[in-house]
Amino acid sequence: MIIEGLIQAMINRNGCQPSHLMFADDIFIFCNGHKKTLDNLMGLLMKYQTASGQTVNRAKRKCFVGGVTEERRLIIAEILQIKLSEFPDKYLGTILCHGRVKTTQVWGIVEMLQKQLAGWIGKLLAFSDRLILVKHVLCSIPIYNMAVYKWPKSVIKECERIIRNFLWTGDPSVKKMITVKWEEVNAPFAEGGLGIRRLEVVNKELLLKFLWKIETEDEEWTIFVKAKYKNKDGEWTTGYKKSFIWPGLKWVISELNEGSR
């Protein structure tokens, strides 16, 4: 429909015009807010419902509109019959926001760790049991979000404090005198450690993988990211970008260049 001119693309970066991101049972559509575009889009959704027998869930739909007046935003929402949403918001568990991710926006992970631990406190778990829970449950909770953006240091510090206290005492709020340096605990088994990975290191590893996909894969989203964050010479820009993924990418660019050939 974009090729035929029935739907106008939201943005064009060096010929790359993202139209949608499709998941297992979910879709994120990008388009211009022109009335003709919106009418054609709603017509497409109605045809899909008729052909598939599935119904678009109005209660779960969200509409993000930017770059227009408040009056225009309300008109667009009325045409689509979708409630307007504001940033920051979440989509499939990932925070969507303008600019760098802030501590308050990621603090929910800290609360999730505390909630998870609430059911374990007082069960007289052995040290080996607590180690397994830390490695396979607590340290796995933040991974999904860490794969997209750089975490604030204060949140990483608080998560590691909770993990460290639970490992040594069984209670995240009770601190124990240092038995072994945390750096030694994080070392691999072969080096005498317990193999618990530092969250900052995990964050950097996942962002390096994210950047490697952008550099090597030829998908529409990777083409768009390169068009947005690279200059005409194919070099990553050094200026400020109001983006929640750019600070993380900029953090690991030098390491990717040093470690690849």
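Modeller: Before we start, buried means under 20% relative accessible area, exposed means over 50%, and partly exposed is in between (1.4 Å probe, protein chains only). This is a predicted model, so local features need pLDDT of at least 70 and side-chain atom pairs count only at pLDDT 80 or more, while totals for chains, interfaces and linings use all residues. Residues are numbered from 1 along each chain as its sequence is written, and side-chain values use heavy atoms, with hydrogens and water left out.

Colleague: OK, helices first. At roughly what angle do the axes of α4 and α6 cross?

Modeller: Helices (H or I, at least four residues) and strands (E, at least two) are DSSP runs, numbered from the N terminus. Axes are lines fitted to C-alpha atoms, for helices over the stretch in contact, and angles run from 0 to 180 degrees between N-to-C directions. For α4 (residues 127–138) and α6 (residues 153–169), the axes come within 8 Å, and the crossing angle is roughly 160 degrees.

Colleague: Are α4 and α6 then roughly parallel or antiparallel to each other?

Modeller: Under 35 degrees counts as roughly parallel, over 145 as roughly antiparallel, 65 to 115 as roughly perpendicular, and the rest as oblique. The α4 and α6 axes cross at roughly 160 degrees. The pair is therefore roughly antiparallel.

Colleague: Which residues of α6 does α4 meet?

Modeller: Contact means heavy atoms within 4.5 Å. On the α4 side we have F127, R130, L131, L133, V134 and L138, and they meet I163, F166, L167, W168 and T169 of α6.

Colleague: How do the residues of that α4 and α6 contact divide by type?

Modeller: Ala, Val, Leu, Ile, Met, Phe, Trp, Tyr, Cys and Pro count as nonpolar, Asp, Glu, Lys and Arg as charged, and the others, Gly among them, as polar. By that scheme the contact of α4 with α6 comes out as nine nonpolar, one polar and one charged.

Colleague: Let's go to α9. What does T222 touch?

Modeller: T222 sits in helix α9, where F224, V225, A227 and Y229 are among the other buried residues. The cover over the buried residues of α9 includes α8 (199–216) and α10 (246–258). T222 itself has a relative accessible area of 0%. Leaving out residues up to four places away in sequence, T222 touches K213, I214 and E217.

Colleague: Phi of Q81 is positive, so what is its value?

Modeller: Q81 is in the loop between α2 and β3, and is exposed at 52% relative accessible area. Phi of Q81 is near 55 degrees.

Colleague: And is N14 buried or exposed?

Modeller: N14 lies in the segment before β1 (20–22), and phi of N14 is also positive, near 55 degrees. With a relative accessible area of 73%, N14 is exposed.

Colleague: Now the charges. How far apart are the closest N and O atoms of K35 and D39?

Modeller: A salt bridge is a side-chain nitrogen of Lys or Arg within 4 Å of a carboxyl oxygen of Asp or Glu, and the structure holds nine of them. K35 and D39 both lie in helix α1 (residues 35–52), four residues apart, about one turn. K35 is partly exposed at 47%, and so is D39 at 36%. Their closest N and O atoms are 2.9 Å apart.

Colleague: How many residues in sequence separate D89 from K62?

Modeller: The D89 and K62 side chains meet in a salt bridge, 2.8 Å from N to O. D89 is in strand β3 and K62 is in the loop between α1 and α2, so the pair ties together parts whose separation is 27 residues.

Colleague: Last one: which residues are linked in a network of salt bridges?

Modeller: Going by the salt bridges, the linked residues are E70, R73 and E86.
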